[in-house]
Amino acid sequence: NKQIVLKSYVNGSPVETDMELKLGNRVKLEAPKGSKGVLVKNLYLSCDPYMRGRMQDFHASYIPPFTPGSVIEGFGVSKVVDSDDPNFKKGEFVTGLTNWEEYTLILKTGQLRKIQQDDAIPLSYHVGLLGMPGITAYAGFYEVCAPKKGDYVYVSAASGAVGQLVGQLAKLHGCYVVGSAGTSHKVHLIKNKLGFDEAFNYKEELDLEAALARYFPQGIDIYFDNVGGSMLDAALANMRVHGRVAVCGMVSQNSRTDKQSFSHMFSVISKRITIKGFLQSDFTELYPRFLEDITGFYKQGKIVYIENMNDGLETAPAAFAALFSGKNVGKQVIRVASE
Ligand code: NDP
């Protein structure tokens, strides 16, 4: 059973060599009687920025750290090979937390969700568009941003797993939407494939505050923040009165080259801005509606989804590290085995 193991805790941005491929024990392809578990074959594994937080010994986080030397855990799409849980049958597809390895005995079956197979929807979308990043975008936009038709919306990391959906939902809602990303290719996709009104490469802007003022001469009503740091500060400077900032992620804060510093915090008072942090896990009750709405939008051609698919478990460490240099274009997924 090939596995990806975390070698030791990570400092700064993760690199490929923080993880390694190991040959684990031979697995018996059965779920032990009495275990109440399911033995699954992992098909797709998800690379998500939050996993960086588990690669350090920081217990104050909302999720416990990994143990160095042990296999990495993350979201995946898997096929049931054998089951000792009456709720799951051999051959069914499931999504939930699994391990970065070929086969996993999942004992916490309560967190697994069965996938209703649908030829129109790729299975891998259950860790992207219809998975954790999808509900993050859906709940973050509709529940945290309190959007109104005509609002001016800005999304950072806009071509990523979460950002690309936020922008498209905002367009469907009748908002004016601008996204930023770190390459000209991503900027092109944001404008031409994802249908945002405008997009820019933040790495080409010397003055982020001035760049946002150029794209939003009338100011920003909603900032969906995926990056934190100086971008959040620049957005605060450009918010309109009663603007809303949904603080979704702070991916810029891992590299420590762009430490959080705010010179525009006073705007929160002067413009009565609402800044709200949120976790997608606060919105599990929205899941059925989310699945129905997003599946519908996708099938009607109202939204698209960009994936960055890498082949082979051995590619996972580099693919994960790439999230922090911006090499991924869209939702980063690893194909471990064919369906
Ligand atoms: P992405 O698919 O967007 O991948 C990460 C992207 O972040 C990279 O492609 C890169 O794009 C950008 N990035 C990396 N480093 C920096 C940096 N130093 N400054 C600015 N941008 C950077 O990831 P996700 O869509 O999965 O996640 C987006 C954010 O949402 C993350 O912060 C994540 O932690 C957060 N999140 C929060 C959740 C919640 O419940 N609150 C749930 C899920 C995600 P670029 O080329 O544009 O630089």
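Which residues does Val-153 touch, not counting residues up to four places away in sequence? In this predicted model, Val-153 touches Ala-170, Cys-175, Tyr-176, Val-177, Asp-221, Ile-222 and Phe-224, with residues up to four places away left out of the list.

## Nonpolar cores

Val-153 belongs to the largest nonpolar core, which has 84 residues. The members that touch the most other members are Val-153, Tyr-154, Val-166, Ile-220, Phe-224, Ala-235 and Ile-334. Helix α1, residues 132-144, gives the most to this core, with 7 residues. Because both domain 1 (2-128 + 306-335) and domain 2 (134-281) give residues to this core, the core lies between them.

Another core lies apart from the largest one and has 10 residues. Ala-31, Val-40, Phe-88 and Ile-106 are among them.

## Domains

The domain assignment of the protein gives two entries: domain 1 covers 2-128 + 306-335, and domain 2 covers 134-281. Taken over C-alpha atoms, the centres of domain 1 and domain 2 are separated by 29 Å.

Contact between the domains involves 12 residues of domain 1 and 16 residues of domain 2. On the side of domain 1 that touches domain 2, the classes are 5 nonpolar, 5 polar and 2 charged residues.

## Helices α1 and α7

Two packed helices are described by the angle between their axes and the distance between the axes. For α1 and helix α7 (residues 287-299), the axes come within 10 Å and cross at roughly 95°. An angle of 65 to 115 degrees counts as roughly perpendicular, so α1 is roughly perpendicular to α7.

The residues that meet are Gly-134, Ile-135 and Tyr-138 in α1 and Tyr-287, Phe-290 and Ile-294 in α7. By class, this contact of α1 with α7 has 5 nonpolar residues, 1 polar residue and no charged residues.

## Leu-97

Leu-97 is found in strand β5, which spans residues 93-99. Is Leu-97 buried, partly exposed or exposed? A residue is buried if 20 or more other C-beta atoms lie within 10 Å of its own, and exposed if 12 or fewer do. Leu-97 has 15 other C-beta atoms within 10 Å, so Leu-97 is partly exposed.

Not counting residues up to four places away in sequence, Leu-97 touches Glu-73, Phe-75 and Gln-111. Leu-97 and Leu-130 are 33 residues apart in sequence, and their C-alpha atoms are 15 Å apart in space.

Technical notes:
Residues numbered from 1 in each chain as written. Predicted model: local features only at pLDDT ≥ 70, side-chain atom pairs only at ≥ 80, totals over all residues. Core = buried A, V, L, I, M, F, W, Y, C linked by C-beta atoms within 7 Å. Helix = DSSP H or I, 4+ residues; strand = E, 2+ residues; numbered from the N terminus. Domains from an automatic or database assignment. Contact = placed C-beta atoms within 7 Å. Axes fitted to C-alpha atoms, helices over the stretch in contact; angles between N-to-C directions. Parallel < 35°, antiparallel > 145°, perpendicular 65-115°, else oblique. Nonpolar A, V, L, I, M, F, W, Y, C, P; charged D, E, K, R; others polar.
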